[in-house]
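I wanted to go through this one with the viewer open and jot down what I looked up. Here are my entries.

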2 protein chains.
Amino acid sequence: MHTKRTVPPNRLPAHIAVEAIRCGRLSSFDLTLSCLERIEAREASVGAWSYLDRDYALEQACRADEHRRAGAVLGPLHGLPIGIKDVFDTFDMPSEYGSPSLKDRRPAADADAVTLLRAAGAVIMGKTVTSEFGMYALSSCRNPHDQNRSPGVSSAGSAAAVADAMVPLALGTQHTASTLLPASFCGVFGFKPSFAFTSMRGSNVLVPRLATVGLLARNLDDLALFASALAPGFKVSVRPLQPQRFGVVRGPAWHQVAADARAALCVFLRKLPVAIADLELPVEFDRAVEVTYGLLAAHLAHRFAPMPEATQKTYCGPLRAAIATGLALSATNYLRLEEQADRLTAAAHGLFASCDVLITLASLGEASLISDGPGSGELTMPWSLAGLPTLSLPLLKGDRGLPIGVQLVGAPGDDQRLLSIAAWLNIVCQKTLETAQSS
Amino acid sequence: MHTKRTVPPNRLPAHIAVEAIRCGRLSSFDLTLSCLERIEAREASVGAWSYLDRDYALEQACRADEHRRAGAVLGPLHGLPIGIKDVFDTFDMPSEYGSPSLKDRRPAADADAVTLLRAAGAVIMGKTVTSEFGMYALSSCRNPHDQNRSPGVSSAGSAAAVADAMVPLALGTQHTASTLLPASFCGVFGFKPSFAFTSMRGSNVLVPRLATVGLLARNLDDLALFASALAPGFKVSVRPLQPQRFGVVRGPAWHQVAADARAALCVFLRKLPVAIADLELPVEFDRAVEVTYGLLAAHLAHRFAPMPEATQKTYCGPLRAAIATGLALSATNYLRLEEQADRLTAAAHGLFASCDVLITLASLGEASLISDGPGSGELTMPWSLAGLPTLSLPLLKGDRGLPIGVQLVGAPGDDQRLLSIAAWLNIVCQKTLETAQSS
C-alpha cells in the first residue's frame with residue numbers, strides 16, 4: 001500500500017479515497033476541501049483551471065456526504081472530486097472549449113461523459129484548461145514540474161491538475177495526442193481507450209473517427225476505476241498480466257526523439273524480463289501525420305469556415321491555418337485521406353499478429369520549453385488514427401529529471417487487457433527500482 | 001400450398017424445391033436443367049444473363065446431388081440455382097460489373113456474399129446483367145412482362161430472371177433503388193436489408209454508407225430462406241405479424257407518382273384492416289435525393305477519376321457526369337453532405353416513434369418505357385440513405401396491368417420483423433382478392 005496515515009486527502013489515490021468515503025473514514029467534504037486548498041496554494045503557478053467555484057464544489061461534496069448518511073446506493077466514484085477538461089459541456093458551468101469566441105457559453109445539457117460521471121457520484125470540481133478547441137497551441141497552463149515548460153496539449157489542465165495533486169482524477173480527450181502527451185510531460189498515467197469506448201456527445205469533436213475521451217490519474221487502479229464509470233462492463237480491478245511478447249516500435253518520426261529519451265527507453269527495455277521484438281512500421285505509417293492533419297483540416301474548415309469573419313479572426317493561429325488548408329481540399333482529396341486512414345488502421349491491426357502489445361515513447365522527450373511551443377504529438381498520432389487503446393506510464397526520466405512517458409498500444413478493443421499488462425509492467429519497474437536502490 | 005404436381009421444377013418456390021432436394025424427391029440436376037431450359041427459351045427476349053455456362057451449372061448441380069447421396073451435411077440452399085448480379089466477384093466466372101472497361105475480368109477470390117451462398121450449398125447459376133457499375137443507365141436486359149419496358153436498375157438481370165422463372169432466387173445490391181425498383185417493375189419480392197446486414201467485400205461498393213445486398217425472390221418464405229444464408233441468426237421461417245400501426249408516407253417526389261399508382265395505393269390502403277396514420281416527412285427529406293447524388297458523385301470521382309482518360313471515355317454518360325460533378329466538390333461540400341445524411345438518418349429513425357412500419361410505393365408507377373430511360377429511384381433513395389430495411393411486394397397493378405410494388409420500410413435493424421409484417425400483409429391481400437373473386 002502507498003498510503004500512510006500522514007498522507008493528506010488530496011494526495012490519496014482515487015480508489016483508496018472512494019473506499020474511505022464509502023466506509024465513513026473520510027468525508028467527501030474533507031477530501032474536496034483538501035483538493036481546493038492545494039489548488040489555492042498552487043493555481044497561480046500552474047494555471048490548470050478555467051472555471052472553479054469553491055462553494056459549488058463543496059456544496060456537491062456535502063450532498064454526497066448526505067446521500068451516504070441517508071444510506072443511499074453509492075456509485076463507484078461517490079464523493080470523488082474530478083476535473084473536467086473544458087471541451088465537455090456542463091449544464092452548471094461555463095463550457096468555452098478554450099475559445100474566447102465561446103466566452104460564457106452555458107449549454108443546456110451535460111455531455112454524455114459528464115452525465116456518466118455524475119451518475120457515478122463524482123463531484124464535478126470545475127473545468128480544466130485546454131488550448132483553443134484542443135488545437136496544437138499554448139494555453140495559460142504551465143507544467144507543474146517546471147513553470148517554463150509546457151504541460152503538453154491539449155488536456156493540459158487535466159494532466160497538470162492530477163500531477164499536482166489538485167484532484168485525483170481528471171477527464172480529457174484525445175484526437176491525436178491530447179491525453180498521452182500531457183500525461184508524458186506532467187508525469188501521470190494517461191489512458192486513451194479504443195475508439196467508441198464511450199459516447200462523445202456534447203464534447204468538442206473535431207474529427208468523429210479520431211475523437212475519444214482521455215483519462216488521467218496518478219496510478220493504474222485509479223484509471224480502471226475511472227474507466228468503469230464511463231464504460232459499463234469495464235472491470236474496476238486490474239489484475240497484472242505478463243504479456244507473451246512486447247513489440248517495440250521506433251517511430252514514426254523517431255529521428256526527432258531526444259537522445260536522453262532514446263537512451264532511457266533502451267535501458268528500460270533491456271531490464272524487462274519478457275520477450276521483446278523490434279517491429280518495422282508498415283509503409284502506411286509514413287503518411288500518418290499528414291493524413292491526420294488533413295482530416296483535421298477538412299473537418300475544421302467544415303465546422304469553422306461558416307462562422308462570421310470577425311469570429312474567425314479571433315481564432316488561434318493553428319486553427320486559422322487549418323481552416324485555410326481544409327478549404328483548399330477537394331472532396332476526392334478528402335476521400336483519399338479516409339482511404340489512407342483505413343489502410344493504416346488495417347496495417348496497425350496487423351502488427352498484433354506477432355505480439356500482444358506495442359511499446360514505444362509517448363513523447364519525443366521531456367516537456368518542451370514553452371518558448372519552443374506546446375510539444376509534438378507525432379508518436380501517439382498513428383495509434384489514435386488506428387483507433388487503438390493506448391496508455392502512457394510515467395516510468396522514464398530525461399537528463400533534467402523530468403518525466404517521460406512509456407507508451408503502450410493495445411490490440412483493437414483490448415482495453416481491459418492493456419491495463420493489466422501495464423499493471424504488470426509497473427510492478428516490474430518498481431521491483432527493478434527497489435533492487436537498484438538497495439544495491 | 002401453391003405447388004401442384006404439374007408445376008415444372010423451375011417454377012417451384014425455393015423453400016419447396018430445397019426441401020424436395022433434401023428428401024430426394026427432386027435432384028439439383030433436374031431443377032437446374034429445368035431452369036436452364038427456361039433460360040434457353042426466354043433469354044433472347046429477356047436478356048437477363050451476362051454470363052452463363054450451362055455445363056458448369058449442371059456440373060455444380062451433379063456435385064450437389066453426389067453430396068446428398070453421400071450423406072453429407074446439407075446447407076440451407078443445397079442444390080438451389082441462384083443468379084448473381086455481376087457486381088459480385090466470382091473466382092470461377094467473369095466479374096465485369098457491367099462495364100466494357102472490365103471485360104473478361106477474373107478476380108482471384110469470391111465476394112464474401114458469394115462465399116456464404118456457396119457454403120449454404122447454392123448452385124451459382126451465372127452472372128446477371130447490371131447497368132455499368134450499377135449506374136442509372138440502361139442495360140441489355142428487358143422487362144419480362146413487356147420487352148419495350150425497363151426491368152428497372154441496376155439489379156435488372158436478377159429481378160428479370162426471378163420474375164421469368166429462370167431461377168428461384170437472385171442476388172442483387174442496392175445503394176439507392178437497385179433492388180426495390182427492379183422488384184417493383186418486374187413484379188417480384190425484393191428485400192434490401194439494414195445497412196451492414198452482410199459483408200460487401202468483393203462487390204462494387206460505390207458509397208460505403210449506402211451499399212447493401214439486395215435479395216430477389218417470388219415469395220416471402222424464399223426471401224427469409226435466402227436471408228438466413230447471408231446473415232447468421234436470421235430465422236428461416238416467417239411468422240405473419242399484424243403491426244399496431246402503419247405509417248403512410250407520400251414522398252419524397254410524390255408529385256412525380258403516376259395517377260394509376262396513386263389510385264392503386266389508395267384502394268389498397270382503404271382495405272387494410274389495421275390502423276393507418278398519414279405521416280409528414282421531416283424537412284431533412286427535402287434534400288435526400290440531392291444528398292444521395294452528391295455522395296455518389298464524390299465517391300465515383302474518388303474511384304474513377306484516377307483511371308486513364310481513354311478508359312474514362314468508355315464509361316456510360318451518367319458515370320462520366322457523376323465523375324465531373326464529384327471532381328468539382330470541395331472537402332467541405334462533402335462533409336456537409338455527410339452531415340445532412342446523418343440528420344436525415346436520425347429524422348427517419350424518429351418516424352418509428354408513432355408506428356411500427358412505413359408503407360409507400362416502391363416506384364413512381366409501372367415499368368417505364370425503355371425510350372423514357374431506366375426508371376426513377378427517388379421513392380426508395382431516402383430509406384437507403386437512412387440504412388433502414390425495406391421490402392417491395394408485388395401487390396398492386398397499374399392501368400396496363402403491369403406490377404407496381406408496395407414498399408415497406410422497417411425500423412433500424414428490424415429486418416426479421418419487417419418480413420413478418422410483410423407476410424401478414426401478403427395474407428390479407430390474398431384473402432381480399434379471394435373475396436373479390438368469389439363475390
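Before I count any strand pairs: two strands pair if DSSP finds at least two bridges between them. I also note that this is a predicted model.

**Entry 1: strand β11 of chain A**

I started with β9 of chain A, residues 357–361, and found that 5 bridges join this strand to β11(A), the two running antiparallel.

Then I checked β10 of chain A, residues 390–397. It pairs with β11(A) over 6 bridges, again in the antiparallel sense. Here S392(A) has Q407(A) of β11(A) as its bridge partner. β10(A) and β11(A) form a hairpin with 5 residues between them. In the turn, G401(A) has a positive phi of about 80°.

Is β11(A) buried or exposed? I get 8 of its 8 residues (403–410) as buried, so the strand is largely enclosed by the rest of the structure. I sorted the residues by the way they point. P403(A), G405(A), Q407(A) and V409(A) go one way, while I404(A), V406(A), L408(A) and G410(A) go the other, and all are buried.

**Entry 2**

Next I wanted the strand order. I read an open sheet of 11 strands in chain A, ordered β1-β3-β2-β4-β6-β5-β10-β11-β9-β7-β8, with mixed pairing. The edge strands are β1 (49–52) and β8 (275–279) of chain A, each pairing on one side only. The twist averages 30° from one strand to the next.

I followed β10(A) to its other partner. β5 of chain A (residues 189–192) pairs with β10(A) in the antiparallel sense over 3 bridges.

Helix α4 of chain A (residues 112–119) does, touching β2 (81–85), β3 (123–128), β4 (169–174) and β6 (212–217) of chain A. The direction of α4(A) makes about 150° with that of β3(A).

**Entry 3: helix α7 of chain A**

How many residues of α7(A) are buried? I count 9 of the 11 in this helix (residues 220–230), so I wrote it down as mostly covered. The buried ones include L220(A), L223(A), F226(A) and L230(A). What covers them includes α1 (14–23), α4, β4, β5, β6 and α14 (415–438) of chain A.

I took a closer look at α14(A). It packs with α7(A) at an angle of about 165°, the axes being 10 Å apart. Over 145 degrees counts as roughly antiparallel, and α7(A) and α14(A) are therefore roughly antiparallel to each other. The crossing is left-handed. L220(A), L223(A) and A224(A) of α7(A) make the contact with L419(A), A422(A), A423(A) and N426(A) of α14(A). By class I get 6 nonpolar, 1 polar and no charged residues.

**Entry 4: α9 and α12 of chain A**

Another helix pair: the axes of α9(A) (residues 288–304) and α12(A) (residues 331–350) come within 9 Å and cross at roughly 135°. That angle makes α9(A) oblique to α12(A). This crossing is left-handed. On the α9(A) side I listed A288(A), V291(A), G294(A), L295(A) and A298(A); on the α12(A) side, Y334(A), L337(A), Q340(A), A341(A) and L344(A). The contact has 8 nonpolar, 2 polar and no charged residues.

**Entry 5: where chain B meets chain A**

I find 15 residues of chain B in contact with 15 residues of chain A. On the chain B side, the elements giving two or more residues are α9 (288–304), α11 (317–327) and α12 (331–350) of chain B. Which gives the largest share? It is α12(B), with 6 residues. The chain B side divides into 8 nonpolar, 6 polar and 1 charged.

**Entry 6: D86 of chain B**

Last stop: D86(B), in the loop between β2 (81–85) and α4 (112–119) of chain B. I have it as buried, because 29 other C-beta atoms lie within 10 Å. Setting aside neighbours within four places in sequence, the contacts of D86(B) include S50(B), Y51(B), E96(B), K127(B) and T130(B).

Technical notes
Residues numbered from 1 in each chain as written. Chains lettered and ligands numbered in written order. Predicted model: local features only at pLDDT ≥ 70, side-chain atom pairs only at ≥ 80, totals over all residues. Buried ≥ 20, exposed ≤ 12 C-beta atoms within 10 Å, placed from the backbone. Helix = DSSP H or I, 4+ residues; strand = E, 2+ residues; numbered from the N terminus. Axes fitted to C-alpha atoms, helices over the stretch in contact; angles between N-to-C directions. Contact = placed C-beta atoms within 7 Å. Nonpolar A, V, L, I, M, F, W, Y, C, P; charged D, E, K, R; others polar. Parallel < 35°, antiparallel > 145°, perpendicular 65-115°, else oblique. Left-handed = near helix turned anticlockwise from the far one by under 90°.
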